[in-house]
Amino acid sequence: EALKHEEVEASAGGGMVKVKVSGDLVVKSIVISPEAIDPDDPDLLQDMVLAAVNEGLRAAQELQQSKLGGLTGGMDLGSLGLGL
């Protein structure tokens, strides 16, 4: 429950795309710098958004591990079917 109030930030393209993700893996915001918008190359922007979102989710999962790791004593809860 407490993880939903914590956020991590990730970026791609030298900071042209920034993403904030909560500790419960919800994408809270995506900020795209105007310089990242090239009408002649939409694939580049798509790749930057995808990279930033994936990095944000990875960082949020690390946050979960660091916060919940102490509570579970290092147990592998995935084997219990809890999806953690």
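Author: Let's start with the largest nonpolar core, which has 14 residues; Val8, Val17, Val19, Val21, Leu45, Met48 and Ala52 touch the most other members. The model is predicted: local features need pLDDT of at least 70, side-chain atom pairs count only at pLDDT 80 or more, and totals for chains, interfaces and linings use all residues. Residues are numbered from 1 along each chain as its sequence is written, and side-chain values use heavy atoms, with hydrogens and water left out.

Reader: What makes a set of residues a nonpolar core?

Author: The term stands for buried Ala, Val, Leu, Ile, Met, Phe, Trp, Tyr and Cys residues joined through side-chain atoms within 4.5 Å. Along the protein, the order from the N terminus is β-β-β-α.

Reader: Which residues does Val17 contact, leaving aside its neighbours within four places in sequence?

Author: With contact meaning heavy atoms within 4.5 Å, the partners of Val17 include Ala10, Ile30, Leu45, Met48 and Ala52.

Reader: Why is Ser22 called buried?

Author: Buried means under 20% relative accessible area, exposed over 50%, and partly exposed in between (1.4 Å probe, protein chains only). Ser22 has 0% relative accessibility, so the residue counts as buried. This serine lies in strand β2 (residues 17-22). Buried residues make up 24% of the 84 residues in the protein.

Reader: What makes the pair Ser22 and Asp24 a polar contact?

Author: A polar contact is a pair of N or O atoms within 3.5 Å; within protein, one must be able to donate a hydrogen and the other to accept it, and residues adjacent in sequence count only if both atoms are side-chain atoms. The side chains of Ser22 and Asp24 come to 2.3 Å, and the pair is listed as such a contact. Ser33 has a polar contact too, side chain to side chain with Glu35 at 2.4 Å. Ser33 sits in the loop between β3 and α1, and its relative accessible area is 15%, so Ser33 is buried.

Reader: How do you know that Glu6 and Lys67 meet in a salt bridge?

Author: The rule asks for a side-chain nitrogen of Lys or Arg within 4 Å of a carboxyl oxygen of Asp or Glu. For Glu6 and Lys67 the N to O value is 3.4 Å, a salt bridge. The two are 61 residues apart, with Glu6 in the segment before β1 and Lys67 in helix α1. Glu6 is partly exposed because its relative accessibility is 28%, and Lys67 is partly exposed because its value is 41%.

Reader: How many salt bridges does the structure hold, and what links Glu55, Arg58 and Glu62?

Author: There are three salt bridges, and a network of them links Glu55, Arg58 and Glu62. Glu55 and Arg58 have their closest N and O atoms 2.3 Å apart; Arg58 and Glu62 also pair at 2.3 Å, N to O. Glu55 and Arg58 both lie in helix α1, three residues apart, about one turn of the helix.

Key. Helices (H or I, at least four residues) and strands (E, at least two) are DSSP runs, numbered from the N terminus.
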